[in-house]
Amino acid sequence: MENAEREEYERLRRTLGTRHRRLRLCGASLLLTLAVLLAPVTVVATWVNSEVNDVDRYVQTVSPLARDPAVQNLVIDRVTDGLVENIDARKISDALADTLADRDAPRFLVDAARSLDEELKGGLTTGVRFAVEKVVTSDAFAKAWDSINRGAHTLATNVLTGEGGGALEVKGDTVTLNVGPVIEELQKQLIGVTLVKAEDIPGADKSIVLVRNENLSEARDGARWLGAVGPWLPLTVVVLGGLGIWAAPSRRVALMAGGIGTGIMMCLLLVGLAVMRQIYLDAVTPVTQSQDAAAAVFDTLVRFLRQSILTVLLTALLTVIAGYLYGPGRGATAVRSAAARSTETAGQALARKGLTTGAVGQWLRTNRPLTTGAVIGAGGLAVFLWNYPTPASVALLLLPVVVVLVILGVLAAADEPATPTDATLLR
């Protein structure tokens, strides 16, 4: 080529390269943005799906309610009030007064007996409350609670879908707490012991209104929709994020950008959860008079969701850190150099003792980027396939990943016997 032709060729190649790079950047940005925006929806949808389709997970979710002091006090108060209301203290005091009058008792005793209805009702309330409290705080009630909720879940009945019974139900614009297990135990313990007749004990469908809010129906419909799409969203987000990183001109930067974006979205989701909690508590009806019980119900129901958010947040943070450590930054270079010196020293120490890795070590040294990526990828895959990962499980998986990387580095450094020069330097 002549000089002018070569210059034109180089100019066109640079132009095409710039356009190609911009196209890749736009495509990668779009894919990563979609993945980041879908991340919080995926976390919530996965949580809803697990509560709807996994009976063990649902029972784990609602089980602590039977042991929570605030919920226990609420149930004790409501059930006691319901039972005492069915006792006619006036009728009992009148019967006692008539008996005394028939036996020619002094007039002041008869009159005193007729005025005992309030004292009698107070005493009955104390006795009934003691019996109810004994039932509610017993292990038998907790086991009955778990058993009934397990049976309710097999019929796809839970608070998220609003279909049927269970410990918690959404009925129209109210969230109710089903105290059927308490009533069943009371029917066994109170009949014949107190003045309550069997027909006077409330039925097993007795429920307590916790919250009344006109937007609950819309929230339930949204939860049902999230439960339907929940199984597909995690894979969709992973595919979108993977394609975005693969298409990006700088994959390391794209990986860090995805991690930072996901971390920000998880923080926003935690803030949104706190706001929802306050809205929920503000909707507690005057009938319940128990902010503590309502808060306990909310915190118990969403604790696995909060745990999932923190898990994704920790994973995103580790992803950003890993991306930074493989970058050109001064701190990252120092960390890599220190790690390389340490593994090299350990590997040469093994080689001096005759424990060389030979061809395997040479292959590991040559293909170190491949082996490193494979180990880190295996750790990420394990987190993704973990049934219900937690921050503790992520930390638990991080430890073997680091250990395996160190072992591979040591084996790669022990690929050949240490030379005298190497031994001298190591000393």
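Is Asp299 buried, partly exposed or exposed? Asp299 counts as partly exposed, because its relative accessible area is 26% (buried is under 20%, exposed over 50%, partly exposed in between, with a 1.4 Å probe and protein chains only). Here are my notes on the rest.

1. First, some ground rules. This is a predicted model, where local features need pLDDT of at least 70 and side-chain atom pairs count only at pLDDT 80 or more, while totals for chains, interfaces and linings use all residues. Residues are numbered from 1 along each chain as its sequence is written, and side-chain values use heavy atoms, with hydrogens and water left out.

2. Let's stay with Asp299. This residue makes a salt bridge with Arg277, and the closest N and O atoms are 2.8 Å apart (a salt bridge is a side-chain nitrogen of Lys or Arg within 4 Å of a carboxyl oxygen of Asp or Glu). Asp299 sits in helix α12 and Arg277 in helix α11, so the pair ties together parts 22 residues apart in sequence (helices are DSSP runs of H or I, at least four residues, numbered from the N terminus). Arg277 is partly exposed too, at 25% relative accessibility.

3. The structure has three salt bridges. Another one joins the side chains of Arg129 and Asp77, at 2.4 Å from N to O. This pair links distant parts of the chain, with Arg129 in helix α6 and Asp77 in helix α3, 52 residues apart. Arg129 is partly exposed at 30%, and Asp77 is partly exposed at 28%.

4. Then there's Arg365 with Glu344, a salt bridge of 3.6 Å, N to O. Arg365 belongs to helix α14 (residues 358-366) and Glu344 to helix α13 (residues 330-352), 21 residues apart.

5. Now look inside. The largest nonpolar core has 38 residues, and Val132, Leu305 and Ile309 have the most contacts within it (a core is a set of buried Ala, Val, Leu, Ile, Met, Phe, Trp, Tyr and Cys residues joined through side-chain atoms within 4.5 Å). Helix α12 gives the largest share of this core, 10 residues. Apart from it lies another core of five residues, including Ala28 and Ala247.

6. Finally, check the surface. A nonpolar patch of about 810 Å² includes Leu235, Trp246 and Phe384 (patch residues have over 30% relative accessible area and no salt bridge; like charges are joined within 9 Å, and nonpolar side chains, meaning Val, Leu, Ile, Met, Phe, Trp and Tyr, within 5 Å). Helix α10 gives the most to the patch, with five residues.

Conventions
Areas by Shrake-Rupley, 256 points an atom, 1.4 Å probe, with all protein chains shown as cover. Helix = DSSP H or I, 4+ residues; strand = E, 2+ residues; numbered from the N terminus.
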